[in-house]
Amino acid sequence: MNLSLPRRVLGRATATLALAVAMATGTTGLLSGTEAHALPVADGSFSFSGDEDDYISGGQSYAYTTASQDRMNVSGNTDNRVATVSVDGVNGDWWTLNLAAPSGKALTPGTYTGATRYPFNDGTEPGLSLSGNGRGCNQLTGTFTISAVEFGPQGYVKKLDAAFVQHCEGGAPAVHGEVHIENPAPPAELGLDLDIALAGTASSLNGKATFHGTVSCNKPVRVSVGGDVTQVKKRDLIRGSFSVSVSCTPGAPVAWTGTAVPTGSVPFQKGDVEVEGRATATDPDYEQPVTVSETVAVRLGRV
């Protein structure tokens, strides 16, 4: 039995594999900044046309807009060096455009000459790549101009106005295109606050230690609260850890309680312990983990 992937899936799988190889061999500048989660474009257009012998366009013209229900997504990376735009047309077309400043520089308004294929571009060169509908350049050269660009936190792209010219395989035929994107102001980043109460309890029955405190947040999230506990009693080093999950909503601190089980045979006892606590949640807008930590001395009472 022969199995085959649809052309659209195969094309995207190939592009993904190429990017993975680039990252593994160190030939891509993505390592300098983490790529952000792609977000839908609120208001945008993307168009290009090619010379008769241009491989990518096939000499045709293409145009997509969010107003026509074509889906567009955009993402940057955390050092604001790369902007990636993807288009899924209502007619089934799919395209991806990458625009990248040279390594160590942010993408800002201006003209970028001498661009080569992203993400395989040399660190000193700008990166460019238009591919899709099962077509891509093995080697390319080009130029692009950024008329306007505005980034937010975590690679959020609020605005992008750009034009580009791309040549495949060293040939003279070119594809000429432009993209215009306007998104709402970026959401605030997730803020967390962790408080660990300075008093806890040590159980005389099972030797476990119980701690409590509160977490606060500026957006509704599920927060994982954990901590590593250390106590020294005479010659005994007593260790343990706790972990608990709570739902946090903005407006008021949310209480949490966690119980640490000693890792050895010696129980936690009345007296001081060190608690290295942390609270972690995933920002729902940027899909990035956020962690805050606090190290405190907690006095355990006997129960």
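User: Which residues does His-167 touch, not counting residues up to four places away in sequence?
Analyst: The model under discussion is predicted. His-167 lies in strand 10. Not counting residues up to four places away in sequence, the residues that His-167 touches are Gln-139, Leu-140, Thr-141, Ala-172, Pro-173 and Ala-174.

User: Which backbone oxygen of a proline does the side chain of His-167 reach at 3.3 Å?
Analyst: The side chain of His-167 reaches the backbone oxygen of Gly-171 at 3.3 Å. A distance of 3.3 Å is also found from the His-167 side chain to a proline backbone oxygen, that of Pro-173.

User: Is Thr-116 buried or exposed?
Analyst: Thr-116 belongs to strand 7, which covers residues 110–117. Its relative accessibility is 17%. Buried means under 20%, so Thr-116 counts as buried.

User: With which side chain does the side chain of Thr-116 make a polar contact?
Analyst: Leaving aside neighbours within four places in sequence, Thr-116 is in contact with Asn-121, Asp-122, Glu-125, Pro-126, Gly-127, Leu-128 and Leu-140. Within this list, the side-chain polar contact, at 2.7 Å, is made with Glu-125.

User: What distance separates the C-alpha atoms of Tyr-62 and Ser-47?
Analyst: Tyr-62 is found in strand 3, residues 61–65. Apart from neighbours within four places in sequence, Tyr-62 is in contact with Phe-46, Ser-47, Phe-48, Ser-57, Asp-93 and Trp-95. Ser-47 is 15 residues from Tyr-62 along the chain, and their C-alpha atoms are separated by 5.4 Å.

User: How many salt bridges does a search of the whole structure find?
Analyst: Side chains of opposite charge can pair when their charged atoms come close. A search of the whole structure for salt bridges finds seven.

User: How many residues apart are the salt-bridge partners Lys-159 and Glu-182?
Analyst: Lys-159 forms a salt bridge with Glu-182, with 2.8 Å between the closest N and O atoms. The pair links distant parts of the chain, as Lys-159 is in strand 10 (residues 157–168) and Glu-182 in strand 11 (residues 174–182). Glu-182 is partly exposed, its relative accessible area being 28%.

User: Which residues are linked in a network of salt bridges?
Analyst: The salt bridge between Lys-159 and Glu-182 forms part of a network. The residues linked in that network are Lys-158, Lys-159, Asp-161 and Glu-182.

User: What is the relative accessible area of Lys-219?
Analyst: The side chains of Lys-219 and Asp-285 meet in a salt bridge at 2.7 Å, N to O. The two residues are 66 apart, with Lys-219 in the loop between strand 14 (209–217) and strand 15 (221–233), and Asp-285 in the loop between strand 18 (271–282) and strand 19 (289–302). Asp-285 is partly exposed at 29%. Lys-219, by contrast, is buried, with a relative accessible area of 8%.

User: Is Asp-228 buried or partly exposed?
Analyst: Arg-278 forms a salt bridge with Asp-228, and the closest N and O atoms are 3.4 Å apart. This pair, 50 residues apart, joins strand 18, which holds Arg-278, to strand 15, which holds Asp-228. Arg-278 counts as partly exposed at 33% relative accessibility. At 34% relative accessibility, Asp-228 counts as partly exposed.

User: How many residues of the lining of the largest cavity are charged?
Analyst: The search finds one cavity of 30 Å³ or more, and the volume of the largest cavity is about 30 Å³. It is lined by His-37, Leu-39, Val-74, Ser-75, Gly-155, Tyr-156, Val-157 and Asn-183. The lining divides into four nonpolar and four polar residues, and the number of charged residues is none.

User: What percentage of the residues of the protein count as buried?
Analyst: The protein has one helix and 19 strands. Among contacts between residues at least 6 apart in sequence, 63% join residues at least 24 apart. Of the 303 residues, the share that count as buried is 42%.

Notes. Residues numbered from 1 in each chain as written. Predicted model: local features only at pLDDT ≥ 70, side-chain atom pairs only at ≥ 80, totals over all residues. Heavy atoms only, no water. Helix = DSSP H or I, 4+ residues; strand = E, 2+ residues; numbered from the N terminus. Buried < 20%, exposed > 50% of the residue type's maximum accessible area, 1.4 Å probe, protein only. Polar contact = N/O pair within 3.5 Å; in protein donor to acceptor, adjacent residues only side chain to side chain. Contact = heavy atoms within 4.5 Å. Salt bridge = Lys/Arg side-chain N within 4 Å of Asp/Glu carboxyl O. 1 Å grid on protein atoms, 1.4 Å probe; cavity = no way out; pocket = protein on both sides within 12 Å on 5 of 7 lines; lining within 4 Å. Points joined across faces, edges and corners; volume = space filled by probe spheres on them. Nonpolar A, V, L, I, M, F, W, Y, C, P; charged D, E, K, R; others polar.
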